[in-house]
Amino acid sequence: MPDLSLETLAELTGAELQGDSACRVSQVASLDEAQPGQLAFLVSKRFVPYLETTRASAVILSPEHAALCPTNALVSDNPQLAYALAAAALSARAPAPPGVHETAVVDATAEIAPSASIGAHCVIGAHCVIADDVEIGPNCVVGEGCVIGAGSRLVASATLCAGTRLGRRCLIHPGAVLGADGFGLANDKGRWVKIPQLGRVVLGNDVEVGACTTIDRGALKDTVLHDGVKLDNQIQVAHNVEIGENTAMAAHVGIAGSTRIGSGCTVAGAAGIAGHLELADGVHVSGLTAVSRSLRKPGLYTSTVPAMPHDQWGRNFARLRQLDDLYRRVRALEKALQEKNGDVDSPQ
Amino acid sequence: MPDLSLETLAELTGAELQGDSACRVSQVASLDEAQPGQLAFLVSKRFVPYLETTRASAVILSPEHAALCPTNALVSDNPQLAYALAAAALSARAPAPPGVHETAVVDATAEIAPSASIGAHCVIGAHCVIADDVEIGPNCVVGEGCVIGAGSRLVASATLCAGTRLGRRCLIHPGAVLGADGFGLANDKGRWVKIPQLGRVVLGNDVEVGACTTIDRGALKDTVLHDGVKLDNQIQVAHNVEIGENTAMAAHVGIAGSTRIGSGCTVAGAAGIAGHLELADGVHVSGLTAVSRSLRKPGLYTSTVPAMPHDQWGRNFARLRQLDDLYRRVRALEKALQEKNGDVDSPQ
Amino acid sequence: MPDLSLETLAELTGAELQGDSACRVSQVASLDEAQPGQLAFLVSKRFVPYLETTRASAVILSPEHAALCPTNALVSDNPQLAYALAAAALSARAPAPPGVHETAVVDATAEIAPSASIGAHCVIGAHCVIADDVEIGPNCVVGEGCVIGAGSRLVASATLCAGTRLGRRCLIHPGAVLGADGFGLANDKGRWVKIPQLGRVVLGNDVEVGACTTIDRGALKDTVLHDGVKLDNQIQVAHNVEIGENTAMAAHVGIAGSTRIGSGCTVAGAAGIAGHLELADGVHVSGLTAVSRSLRKPGLYTSTVPAMPHDQWGRNFARLRQLDDLYRRVRALEKALQEKNGDVDSPQ
């Protein structure tokens, strides 16, 4: 672990230093557990009570909390970002040793940059191109004709099917599968006939793909994730989906085929988005929400049904089947009352 | 890639040829991107505008669009099926070389057909039987006593636990896990005790299993998927489930234990089906729908809650907790109005 | 397979023996399929009809069915538990041979107990500590600095990222990924910046993790699953989640970051629990339910929306968008009727 001065960290994070610029820290820690020599942070009001008694040598926080800080402070308008940058500087991982592990199986036609690292038991197919500083951890499979841009990393146990393309600095977590066949079937009198899936998966730069997330190859054109897309674990991206720059999605999200999602969107956990839709830039989708129509305006969309005590649910949800009937009965009541009022008003 | 005449393709697909039977095509492509020498297709009205200007040498389409086609046409009542067959013929993958890769670990008691291909770093357990033309891609694990029928393929990184049986021409995508223990627990005064899972997973012929889909072994009897079942990615099939012929399910579907699903069913993405239910042949379930009772009649069933702007959701969904109360109040109003009408009608 | 007397099984299961204590059985089987020499069980009323004609040599059942049993019986107040214990005794798997497979890649600094078994193509990182009787099946990856307690088993194709700790007798199914990065991002003017994920995954004793389940490492502190937690397949546990003793969750459940779940809870399939919540001990969540607030009282909570025929759904669910309006209209009607009653009551 490196050991950095607060002066250096202020520069790295763009924060304003309050206190001793020569003070050095070697690790990040939470406010309540930090020891001298460690850097803590305050990004949520909930943790303000811990600020007073923290033993951290310095704290990253926003201007509104700066006056409360009992020790050195790195004051930032975006303390979460400042923390991300400081933590990255203090926790930098040693790169894997360059070269191909002796147990890896690499096709003779694959081009592997000398600075790349190919881990134990990896299998690299024909005609792959693996650029500088790529790191492929143990037990990964990289199919024929894949291209992996400089600085990308497959952590371990990931699978790229034939033809998958990754930009620079992509990060692929274990169990992820990129480029499996899309789910394309034609029906022949009840029997399903497979439609060959001939497109690819193409990722831009700085794309992160979570553990056990699956991104299917296109049916004919490609499935495309643009620069800066971030996917959590166990997400399903179907064939021919396109996801715009800097869109982020939480775990268990599913996106059906050919849907196009704009840039700067967020999709919360377990939301499902139907196929052949368009979501505009800046659309945000709540957790466990079903998107079944295109969303052409930015904003937050929701259909989460919040949990309630089971008895209460039993009473109320049985009525969902009667909702249209209820609506019609209210309209009839309104009409009846209006007519009665008419009766009452006019003849008497 | 082969290069086929339209005459051959008409024969293969059962389509009627309109135009030059000697014309040859070597690839499929979309209407808007196709070049001379390529075969395009029109399966959705949305793409009719591209038909007029396509540069494809031939187009697969339905009779209603045949007159609009500016080039050779393969006219079919089921253009999607014709496309599937033509694309398969034009994109046939070279089979993997037969034999066992030198890095694969194969138990001495396993029977591997000479025409089968076992990829790098595979592990094949004792007493497995692997039939003709089976292809097992890199990094797969096939546990003790598995049986894999002729022509089946494990693409890569798939795991078959002990005793799993695959029919002919099955296709198992990366990350899929067949035969892991079902989730069976007995409760001993708050502590969970594992119930041994002693059944198997048994797949018929022509079953496709998507990436990271999991199919658990039966508790005692088997979990069974009949011929022609097609599962997309990240589906969970619990112990002792039975799925009928030619039923297809989209990604993220979950089926709880011992449920029996008929043949010719479809289940859309992220639907959940509770345990110990029966779904008749020809049942169709919409996306994000919860099936908590048996469905004994064919037809489409739905409980998808469609997304709405968050404000609108906030106003309306809070009322779900009051729905039963609202129903009772409407009934009270109806009664009150009826009594009042009675008052009005009779004495006066 | 062993062959045990009913006397021995009665002792093992705490059941009361009714019949021939010297009778021996060698396998468990279902009531309808059991043969002489096999042990069947009755845990659900649904199967009472099979009891009369069973060919089993003995049946595990509850006192209420004991009189109906045509053969030897093991009578237990908790027949499911008795079955679990008997089946475990009768189906005990032979342990894997101790030692490191010749194709495994084990770092020189890893400490592997002599009784542990490391399977083919495993990769074990630096400074790992693997205790007695641990069994790591083929194609697993165990990252740097992992600690695996005595008697734990990774079935196959599982991945433990650096620093993961397992207690004793844990069971990790294929495709599971423990310790991948949590989904932590800071936003820098629209661009996402990764927040380093520096915590670990820590499992207590007797924890079971299903196939393709993912448990993310903590951001700074650890993600913790206490003793006896049981997770089914394809569950997502986000960073810094804490799950209490003997809590069990079914497939496709997702838990967002920093949520704390009590002990003795159950969460049914595909339920989603938002981040930063607290669930009390003894909370039970129904399938496909969204938990978006803390649940501080034990009990069952539900928001499952049950499937209905699609036409019925179409009529009723369109009204969800009008529910607040409907509520207001009912209130207006009540007011109108009250005023009218006032009119009627007073002046006349």
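# Exercises on a predicted three-chain model

In chain B, B:Tyr301 has C:Pro309 of S40(C) as its bridge partner. The structure is a predicted model, in which local features need pLDDT of at least 70, side-chain atom pairs count only at pLDDT 80 or more, and totals for chains, interfaces and linings use all residues. Residues are numbered from 1 along each chain as its sequence is written, and chains are lettered from A and ligands numbered from 1 in the order in which they are written.

**Exercise 1.** State which strands of chain B and chain C are joined by bridges, and in which sense they run.

*Solution.* Step 1: the strands are S39(B) and strand S40 (residues 308-309) of chain C. Helices (H or I, at least four residues) and strands (E, at least two) are DSSP runs, numbered from the N terminus. Step 2: 2 bridges join these strands, which run antiparallel. Two strands pair if DSSP finds at least two bridges between them. Step 3: turn to chain A and chain C, where strand S40 (residues 308-309) of chain A pairs with S39(C), antiparallel, over 2 bridges. There, A:Pro309 has C:Tyr301 as its bridge partner.

**Exercise 2.** Describe the side of chain B that touches chain C.

*Solution.* Step 1: count the residues. The contact takes 58 residues from chain B and 58 residues from chain C; two residues are in contact if their C-beta atoms, placed from the backbone, lie within 7 Å. Step 2: find the elements. Those giving two or more residues on the chain B side include strand S21 (177-180), strand S39 (299-302) and helix H5 (310-317) of chain B. H6(B) gives the most, with 6 residues. Step 3: sort by type. This side of chain B divides into 31 nonpolar, 19 polar and 8 charged residues. Ala, Val, Leu, Ile, Met, Phe, Trp, Tyr, Cys and Pro count as nonpolar, Asp, Glu, Lys and Arg as charged, and the others, Gly among them, as polar.

**Exercise 3.** Explain how chain C and chain A are related, and why they meet through different surfaces.

*Solution.* Step 1: a rotation of 120° with 0.0 Å of shift along its axis superposes chain C on chain A, with an RMSD of 0.1 Å. The two copies are thus related as by a three-fold rotation axis. The superposition is by least squares on the C-alpha atoms of residues with pLDDT of at least 70 in both copies. Step 2: 59 residues of chain C are in contact with 58 residues of chain A. Step 3: only 17% of the interface residues of chain C are also interface residues in chain A, so the copies meet through different surfaces.

**Exercise 4.** Locate the buried residues of helix H1 (residues 6-13) of chain A.

*Solution.* Step 1: they are A:Leu6, A:Leu9, A:Ala10 and A:Thr13. A residue is buried if 20 or more other C-beta atoms lie within 10 Å of its own, exposed if 12 or fewer, and partly exposed in between, with C-beta atoms placed from the backbone. Step 2: seen down the axis of H1(A), the buried residues fall within an arc of 105°, so they line one face of the helix. The arc is that of the directions from the helix axis to the C-beta atoms. Step 3: these residues pack against elements of chain A including strand S1 (4-5), strand S7 (72-75) and helix H4 (79-90). After H1(A) comes A:Gly14, with a positive phi near 70°.
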